[in-house]
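Please keep the sequence and the model in view while reading.

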Amino acid sequence: MRLPLFDAGRTSDNVDLAKARKNIAVAEYEKAIQQAFREIADLLAARSQTGRAIAGPGRQCHCPDRRLTLVEARYKAGVSSHLELLDAQREDFAAQQSALAVRRQLLSTAASFYKALGGASAERTN
């Protein structure tokens with residue numbers, strides 16, 4: 001194998017280029033790691049907020065349910081009007097929807113958390 005004695009600095013330029021590419025790759029890797037930690041921190045905060053929110057509607061859901069039971073009994077006894085019964089049903093339904101929305105948000109956050117930690121994603125499954 002023969003190598004020239006003088007290559008006008010090409011070898012040194014190639015070494016500099018390789019070092020620059022390595023530095024760029026390291027910087028991109030560090031950026032990706034920082035982004036992953038940021039996503040995890042955001043998801044943990046969202047999970048904590050959603051957990052606190054799920055406790056609220058869970059407790060609130062019992063009041064409209066209890067009211068509906070009482071209004072249904074009063075309606076059957078002829079004391080309450082049909083409008084009052086419909087209003088109690090509407091409130092109960094709204095409370096249930098609110099509780100389900102918070103539960104859906106909690107599950108969505110859990111799925112995002114799993115994905116951010118390196119869980120399987122829809123793009124990778126075949």
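## Basis and overall make-up

A residue is called buried when its relative accessible area is under 20%, exposed when that area is over 50%, and partly exposed in between, with a 1.4 Å probe and protein chains only. By this criterion, 16% of the 126 residues of the protein chain count as buried. The model is predicted, so that local features need pLDDT of at least 70 and side-chain atom pairs count only at pLDDT 80 or more, while totals for chains, interfaces and linings use all residues. Residues are numbered from 1 along each chain as its sequence is written, and side-chain values use heavy atoms, with hydrogens and water left out.

Helices are DSSP runs of H or I with at least four residues, strands are runs of E with at least two, and both are numbered from the N terminus. The protein chain has 3 helices and 0 strands, which gives the pattern α-α-α when read along the sequence. With contact taken as heavy atoms within 4.5 Å, residues 24 or more positions apart supply 61% of the chain's contacts that have a separation of 6 or more.

Side chains of opposite charge can pair when their charged atoms come close. A salt bridge here is a side-chain nitrogen of Lys or Arg within 4 Å of a carboxyl oxygen of Asp or Glu, and a search of the whole structure finds 3 of them. One joins arginine 67 to aspartate 87, with an N to O distance of 3.9 Å. Because arginine 67 lies in helix 2 (residues 62-76) and aspartate 87 in helix 3 (residues 82-116), this pair ties together parts that are 20 residues apart in sequence.

Arginine 67 also forms a salt bridge with glutamate 91, where the closest N and O atoms are 3.1 Å apart. Glutamate 91 lies in helix 3 and arginine 67 in helix 2, so this pair ties together parts 24 residues apart in sequence. Arginine 90 forms a salt bridge with aspartate 87, the closest N and O atoms being 2.5 Å apart; both lie in helix 3, 3 residues apart, about one turn of the helix. Through shared partners, salt bridges join Arg67, Asp87, Arg90 and Glu91 into one network. Arginine 67 is partly exposed at 28% relative accessibility, aspartate 87 is partly exposed at 26%, and glutamate 91 is partly exposed at 29%.

## Helix 3

The expected span of a helix is 1.5 Å times one less than its number of residues. For the 35 residues of helix 3 this should be 51 Å, which agrees with the 51 Å between its end C-alpha atoms. Leu85, Ala88, Asp92, Ala95, Val102, Leu106 and Thr109 are buried in helix 3.

Arginine 103, also in helix 3, counts as partly exposed at 42% relative accessibility. Arginine 103 and glycine 51 are 52 residues apart in sequence, with their C-alpha atoms 8.8 Å apart in space. Helix 3 is followed by glycine 118, whose phi is positive, near 105°.
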